[in-house]
Amino acid sequence: MKRLAHLGVLAGLVSSLWLAPAISRYDIATALPEEQVLRILNNVPIFMITNDKGEPLTFEMPNPQDQSKKIQVFTFFVNQQDAQTALNTIKTQQPEVGRVARVSAAALSGAVKIALESQKNPAIGVDIIPSRPQLEAAVNLLKQSGDLVERDGKILTKDGRPFMGGTPLFFLADSKTGNPIAIEAQLRENGQTRTQRFIPFYFDKTQLQREVDQARQQRPELAKDTGIRVVMLDNLVATMLSTNDPVAGQIQLVQTPEAIQFAVQQSGGNNAQRPNQANQPASPQRPNQQGGGQGTNRNR
């Protein structure tokens, strides 16, 4: 694993200024180069279970289109505690595998690269396991907005299709249009302070709420003009890959301080208190070893 770098430039911002709506629509389909999108996601830590060589453990499942064939599934976790719980299960069910396994930080870009590859190669897949409390918070928001409805104990989209779940991302939006709101933040790098504009999407709704409450103390009108909304990770990435709006290049995904701290400390760096100067993990490698029981909440 390479050391982690430039992690969490938005983690724990204390002097953010919320600005005007950032882009005309958050679901535009009009294209950032794939390389640029992956570079943005490269600084976002997620977690996987690896063997003693640092290779991710995978599991096999039948191909839904051809039951005679198998899919090799790479499993990633948004929350490191969920990864640890899965590791504990592996240690119980597969002691020889679990004995040398560990929870490791990885770049979100690595998971997305595998997901993109899986569109061309049906023999592989990727499963990103969201935090259950955050998914429940997202479902509640989507119900409030009317995007999801509950019928006969089932959660459906407003047009009647089954809700497929996913990894939710929370953002501050203009109350009338639903457009994301950008912020300006003072960042200090290499002894220099500069102002940078971001469009932040948070993995943790509570973390965003704290930022919004603080901003509303400075700008009370934000309370009536804005609200928290949710978009799924796969939809946001698809938008970034399909839009040529340069503003999309300002999108930043914000992991929790705990996730960033875990990733930085695991890297062995001496800058655990300065997550924005952490180093970047390598993209996951194709493994030679397989492990099972890590979960099947698929996000292909």
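Arginine 99 is exposed, at a relative accessible area of 61%. Exposed means over 50% relative accessible area, buried means under 20%, and partly exposed is in between, using a 1.4 Å probe and protein chains only. Glutamate 96 is exposed as well, at 59%. These two side chains form a salt bridge, with the closest N and O atoms 3.8 Å apart. By salt bridge I mean a side-chain nitrogen of Lys or Arg within 4 Å of a carboxyl oxygen of Asp or Glu.

A word on the source. This is a predicted model, where local features need pLDDT of at least 70 and side-chain atom pairs count only at pLDDT 80 or more, while totals for chains, interfaces and linings use all residues. Residues are numbered from 1 along each chain as its sequence is written, and side-chain values use heavy atoms, leaving out hydrogens and water.

Back to the charges. How many salt bridges does a search of the whole structure find? Eight. Take aspartate 147 and lysine 158, which meet at 3.6 Å, N to O. Aspartate 147 sits in the loop between helix 5 (132-145) and strand 7 (148-151), and lysine 158 in the loop between strand 8 (154-157) and strand 9 (168-174), so the pair ties together parts eleven residues apart in sequence. Aspartate 147 is partly exposed, at 31%. Lysine 158 is exposed, at 58%.

Next, arginine 161 and aspartate 159. Their side chains form a salt bridge of 3.2 Å, N to O. Arginine 161 is exposed at 54%, and aspartate 159 is exposed at 51%.

Now the whole protein. It has nine helices and 13 strands. Helices (H or I, at least four residues) and strands (E, at least two) are DSSP runs, numbered from the N terminus. Of the 300 residues, 49% are buried. The accessible surface is about 14900 Å², and 47% of that belongs to carbon and sulfur atoms. Those areas come from the Shrake-Rupley method with a 1.4 Å probe; for residues, only the protein chains shown count as cover.

On to the inside. In soluble globular proteins, nonpolar side chains tend to be buried together. Here, the largest nonpolar core has 37 residues. A nonpolar core is a set of buried Ala, Val, Leu, Ile, Met, Phe, Trp, Tyr and Cys residues joined through side-chain atoms within 4.5 Å. Phe76, Leu108 and Leu253 have the most contacts inside this largest core. Which helix gives the largest share of this core? Helix 4, with six residues. Another core lies apart, with 23 residues, including Val139 and Phe198.

Helix 4 spans residues 108-118, and nine of its eleven residues are buried. Among them are Leu108, Val112, Ile114 and Leu116.

Is asparagine 179 buried or exposed? Buried, at 12% relative accessibility. Its side chain joins that of threonine 177 in a polar contact of 2.9 Å. A polar contact is a pair of N or O atoms within 3.5 Å; within protein, one must be able to donate a hydrogen and the other to accept it, and residues adjacent in sequence count only if both atoms are side-chain atoms.

Last, confidence. pLDDT is the predictor's confidence in each residue, from 0 to 100. The mean is 81, and 80% of residues reach 70 or more. Over residues 1-15, the pLDDT is below 50. Residues 270-300 stay under 50 too.

Note on methods. Contact means heavy atoms within 4.5 Å.
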